[in-house]
Amino acid sequence: MASPGHRDAPELPDFGLLKRLARDQLVYLLEQLPGKKDLFIEADLMSPLDRIANVSLLKQHEVDKLYRVENKPAHSSSDQLCFLIRPRIRSVKYVADVVNADKATGRTRKYKIIFSPQKFYTCEMVLEEEGIYGDVTWDEWSFYLLPLDDDIISMELPEFFRDYFLEGNQCWISTVAKALHLLNSLFGPFTRTYGIGRCSKMVHEIWREVTEESEGDSLGRKPEIGQVFLLDRDVDYITALCSQVVYEGLVDDTFRIKCGSVDFGPDVTSSDRSIKVLLNAQDKVFGKIRNEHFSNVFGFLSQKARNLQAQYDRRRGMDIKQMKTFVSQELKGLKQEHRLLSLHIGACESIMKKKTKQDFQELLKTEHALLEGFDVRESIGFIEEHINRQVSPTESLRLLCLLSITENGLAPKDYRSLKTQYLQSYGPEHLLTFHNLKRLGLLMEQVPGETLTAVENKVSKLVTDRAAGKLSDAFSSLARKSNFRALSKKLGLIPRVAGEYDLKVPRDMAYVFSGAYIPLSCKIVEQVLERRSWLGLEEVIRLLSGNEFIATDTATEDNPRDFQRIILAVFLGGCTFSEISALRFLGKERGFRFIFLTTAITNSARLLESMIETRA
């Protein structure tokens with residue numbers, strides 16, 4: 001793919017339509033229970049709901065009081081109760097407890113359950129087991145897609161990663177397929193679809209089936225998205241485990257961005273209260289610094305402060321007419337920019353204080369050494385000190401996982417020693433955590449004597465072909481985690497530059513990790529788009545255990561229009577802000593625009609917290 005340089009970027013589709021569809025459907029579902037009602041909302045649906053429908057809209061449709069679904073009795077006096085919940089067993093049991101408590105006291109009410117984004121068969125089983133199947137009505141709020149920004153859409157399913165990659169639960173596969181079908185029918189048809197990973201392959205197959213069943217949905221529509229790339233999170237764990245150093249990633253690591261907004265506390269606001277800030281392209285200050293390496297951010301903010309001051313100072317020489325124009329047209333915008341500028345300066349200062357406290361430079365130096373394969377003993381010493389100082393259980397696990405993946409597993413002696421130190425420092429209940437990480441291939445002990453492939457071949461000879469296939473999948477899910485060094489060499493993930501890497505004028509996607517490493521996931525996307533196929537990447541595919549695919553819509557493939565330069569990057573199991581920044585950079589360099597669809601925004605802490613077990 002010849003680089004067209006900085007071509008004008010094509011226009012992105014308007015994803016406001018997705019919000020409007022979700023809002024209209026929710027209103028319709030609430031109206032199915034006419035009259036006053038109390039609405040019980042599951043905690044992790046509150047933030048997404050807030051982005052779709054405010055309280056006044058709910059009140060307009062006769063929602064009287066709002067309650068959170070939690071582990072305590074409901075004290076509602078309404079004769080109609082509506083429950084907006086995820087299709088989880090514990091949530092259905094909560095509803096059952098409310099209904100059965102009413103039955104015990106002889107109270108009669110109407111109960112409606114709205115499952116979001118869909119209902120699973122297990123939910124019906126629980127309703128039957130609890131004896132309330134005939135007492136409730138239920139419906140589905142097919143709320144699959146929440147636009148967080150002009151180019152980011154989240155499904156807000158953080159549990160997808162654990163459910164699929166750890167538990168092997170495929171319940172969310174059809175949800176993603178339906179979300180893709182919706183995008184395809186609204187903004188397609190898509191020209192070409194690439195993918196890698198078992199989960200991506202399954203999603204694509206079900207998506208194709210859904211499309212065939214409802215053929216004609218997108219007929220006559222003007223295509224707005226050209227190509228799609230599906231990627232499993234387990235194809236690249238390294239990127240998700242690395243410390244983020246672009247501004248948006250650091251804000252997420254430090255303050256936790258939730259559903260596109262962040263709560264800045266008193267340490268940022270320089271007051272006694274917290275402020276909730278929406279982080280998106282509409283924030284003119286944030287829009288300029290979100291993809292920047294943190295080392296460049298202060299320079300930009302101080303220059304911005306000087307420019308704003310200069311615009312304020314213009315008032316001094318104005319006559320009454322000019323002043324009136326200034327106040328009516330510019331002052332409000334300047335005040336808003338000033339407020340945002342103050343918040344982002346406060347956030348930067350807070351990040352610097354926190355990162356200095358945990359010796360961030362030393363931490364990054366260790367990460368870079370692990371990525372390059374240098375000073376391994378020194379890195380192990382750093383990790384041991386980290387564990388013994390009890391810095392944080394997730395941070396210590398993150399470093400252990402990075403060590404394991406980059407070194408093809410830990411030597412048995414090191415594995416036992418580090419595991420013992422970790423359990424002594426953070427508690428024996430983490431034995432379960434180590435078990436989970438081993439199942440994922442994130443934290444492994446090297447197999448002495450023979451490779452996993454050799455073990456797999458021996459076992460395969462002892463069982464039937466069909467069973468051997470399943471065992472082969474199981475082994476390969478472990479074996480493929482051990483190929484980082486070979487992949488790094490093959491794809492050139494560690495840039496070799498003479499002198500220091502210039503972070504002010506980045507030359508490639510490695511800038512998102514201070515020039516030390518190009519995200520594997522993003523490099524794969526770049527290489528496949530460059531070739532318009534997987535040809536020439538056979539060795540990379542083998543190292544990643546295969547499951548690559550490509551599908552083409554011949555009817556639209558040769559269309560040269562702008563939509564062909566818009567690429568939907570789908571991350572199954574979570575996407576980091578580092579990856580988003582890297583692909584935005586690639587798009588800018590190659591004349592593309594990327595849209596990101598992810599099951600949830602993730603980072604190293606979220607990824608590992610989903611693995612941590614605290615049950616003794």
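## Basis of the model

Buried means under 20% relative accessible area, exposed over 50%, and partly exposed in between, with a 1.4 Å probe and protein chains only. This is a predicted model, in which local features need pLDDT of at least 70 and side-chain atom pairs count only at pLDDT 80 or more, while totals for chains, interfaces and linings use all residues. Residues are numbered from 1 along each chain as its sequence is written, and side-chain values use heavy atoms, with hydrogens and water left out.

## Overall make-up

The protein has 26 helices and 14 strands; helices (H or I, at least four residues) and strands (E, at least two) are DSSP runs, numbered from the N terminus. Of its 616 residues, 54% are buried. Among contacts (heavy atoms within 4.5 Å) with a separation of 6 or more, 78% join residues 24 or more positions apart.

## Helix H23

Helix H23 covers residues 520-531, twelve in number, and spans 17 Å from its first C-alpha to its last, close to the expected 16 Å. The expected span is 1.5 Å times one less than the number of residues.

Ten of the twelve residues of H23 are buried, so the helix is largely enclosed by the rest of the structure. The buried residues include Leu-520, Lys-523, Glu-526 and Leu-529. Just after H23, Arg-532 has a positive phi of about 60°.

## Largest pocket

A pocket is an open set of points on a 1 Å grid over the protein atoms alone, with protein on both sides within 12 Å along at least five of seven lines; lining residues have an atom within 4 Å of a point. Grid points are joined across faces, edges and corners, and a volume is the space filled by probe spheres set on the points.

The largest pocket has a volume of about 910 Å³. Its lining has 30 residues, and Gly-287, Asn-291, Arg-584, Phe-585 and Lys-588 lie nearest its centre. Helix H12 (284-289), helix H25 (577-590) and strand E14 (593-598) each give two or more residues to this lining. H25 gives the most, with seven.

## Second largest pocket

The second largest pocket has a volume of about 690 Å³. Of its 33 lining residues, Glu-156, Pro-158, Ala-600, Ile-601 and Arg-606 are the closest to its centre. H2 supplies the largest share of the lining, four residues.

Domain 1 (32-142) and domain 2 (260-357) both give residues to the lining of the second largest pocket, so this pocket lies between them. The domain bounds come from an automatic or database domain assignment.

Terms used: 1 Å grid on protein atoms, 1.4 Å probe; cavity = no way out; pocket = protein on both sides within 12 Å on 5 of 7 lines; lining within 4 Å.
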